[in-house]
Amino acid sequence: MSASSSITVDGKQVELPVKKGTIGPDVVDIGKLYAQTGAFTFDPGFTSTASCESKITYIDGDEGVLLYRGYPIEQLAEKGDFLETCYLMLFGELPTEAQKADFDYRVTRHTMVHDQMNRFFSGFRRDAHPMAVMVACVGALSAFYHDSTDISDEQQRMIASIRMIAKMPTLAAMAYKYSIGQPFVYPKNELDYTSNFLRMCFAVPCEEFQVNPVFSKALDRIFILHADHEQNASTSTVRLAGSSGANPFACIAAGIACLWGPAHGGANEAALKMLMEIGTPDRVDAYVAKAKDKNDPFRLMGFGHRVYKNYDPRARLMQATTHQVLKELGKQDDPLLEVAVKLEEIALKDGYFIEKKLYPNIDFYSGITLKAMGFPTDMFTVLFAVARTVGWIAQWAEMIEDPSQKIGRPRQLYIGPDRREYVPLEQRG
Ligand code: CMC
């Protein structure tokens, strides 16, 4: 593509600059289109629109590539740990040993939440969805940590970022403990990030708890796989909320609310429910037929992606992790896994899925793994939120630090009634 492109609106031709990224498609800069032509562009769902410049995450959906700050997801997931990925996301480079030790120390020392947060929980029904609890409690952090809500102060932004990464697992574990009527378990600083989270979820005060290292490694990898995914719905929500100058805790609460939906973070819960509903491999064909039926709203959950038109690279790593966890539990013949494997096999050979480029996404296998580790289904999206917090916060910080940043304010194509006059109530027929 040339360095500029042109468009003709109502007979008026205007030149539009074309910008190039490091890799990936060029973008046509339409920022001055309205001023020059009086016309807007129309792109519901942003299928052709880049909303910002970013240096954090790159996805090539056709090739099935995912890079965090240039590093392939496979290398980070196989060789690193989650806090290293957090450092990379926030600072742009992998840490040295000393930087890593310092970062881990700082995150670990921020894992406790203000003791009055405990009282928040008792206001919720025990059967509240933990995502409802998370939206509320993360939003409420801004009422507790006033010293890190000034977004113009770089130091405060960093403290808020560390606090959020550190406290999310604590709040998530508290939401879980509250739902099952068990006492909260305080963080233990000698444990690594993920082992600490598993302990806060599954330990009880009356006995010692040993963290299973296979589970800890698996969950740490799940966190890495979910850490960021460029301008997805929840990240765009965080950026949009942050563009008005809202404090970071409020912005992340907005991201959690968006993540909750079944087309986004709720899909792992939906995928597991679907596998349980299918139940046995012999019923898979019927569900594949349902998914293909235009008159049936049913979709194969855990299949398809707005960006990946190839196998989701995270799904491959997730699949391997599923096998490791089930092996550790001696459950290689898990019936849900059998259903999943059969479903994947049939769908990948089916013309409908091939033509529409629908492949398993990360959520297809993650539900089976988390269930096997002991998490109830309504905690799945919460775990996604724990992991995605670093992506949200890195994208939020990048936006705040961008000098060209403006409040996000899309326009619309108005299709409602034209101007009309108010009719008093007694004259309305
Ligand atoms: N099962 C059956 N058909 C599907 C599916 C599916 N899972 N996904 C898409 N299609 C069909 C859809 O009916 C449409 O067909 P047609 O062109 O004939 O109308 C076509 O494929 C394109 O679908 P779309 O809804 O226009 O595509 P989209 O990019 O707007 O949606 C998606 C992407 C992820 C919302 C969608 O594939 C979906 O609903 N998948 C199931 C939910 C899911 O697994 N979501 C997790 C996404 S990964 C985690 C995350 O990033 O949060």
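Start with lysine 294: one of its polar side-chain atoms sits 2.7 Å from a ligand oxygen atom, where a polar contact is a pair of N or O atoms within 3.5 Å. Before moving on, note that this is a predicted model, in which local features need pLDDT of at least 70, side-chain atom pairs count only at pLDDT 80 or more, and totals for chains, interfaces and linings use all residues. Residues are numbered from 1 along each chain as its sequence is written, and side-chain values use heavy atoms, with hydrogens and water left out.

Next, pick leucine 300, which has a backbone N or O atom 2.7 Å from a nitrogen atom of the ligand. Then go to lysine 356: an N or O atom in its side chain is 2.8 Å from a ligand oxygen atom. On its own the ligand has 940 Å² of accessible area, and the protein covers 75% of that (Shrake-Rupley method, 1.4 Å probe).

Now show the whole shell: 19 residues surround the ligand, and His264, Lys294, Leu300, Gly302 and Arg306 are the closest (a heavy atom within 4 Å counts as near).

Last stop, two helices. Select H12 (residues 267–278) and H15 (residues 335–349), which pack at an angle of about 100° with axes 9 Å apart. The pair is therefore roughly perpendicular (65 to 115 degrees). Show side chains and you'll find Leu272, Met274, Leu275, Met276 and Ile278 of H12 meeting Leu336, Val339, Ala340 and Leu343 of H15 (heavy atoms within 4.5 Å).

How values were computed
A polar contact is a pair of N or O atoms within 3.5 Å; within protein, one must be able to donate a hydrogen and the other to accept it, and residues adjacent in sequence count only if both atoms are side-chain atoms. Axes are lines fitted to C-alpha atoms, for helices over the stretch in contact, and angles run from 0 to 180 degrees between N-to-C directions. Helices (H or I, at least four residues) and strands (E, at least two) are DSSP runs, numbered from the N terminus. Angles under 35 degrees count as roughly parallel, over 145 as roughly antiparallel, 65 to 115 as roughly perpendicular and the rest as oblique.
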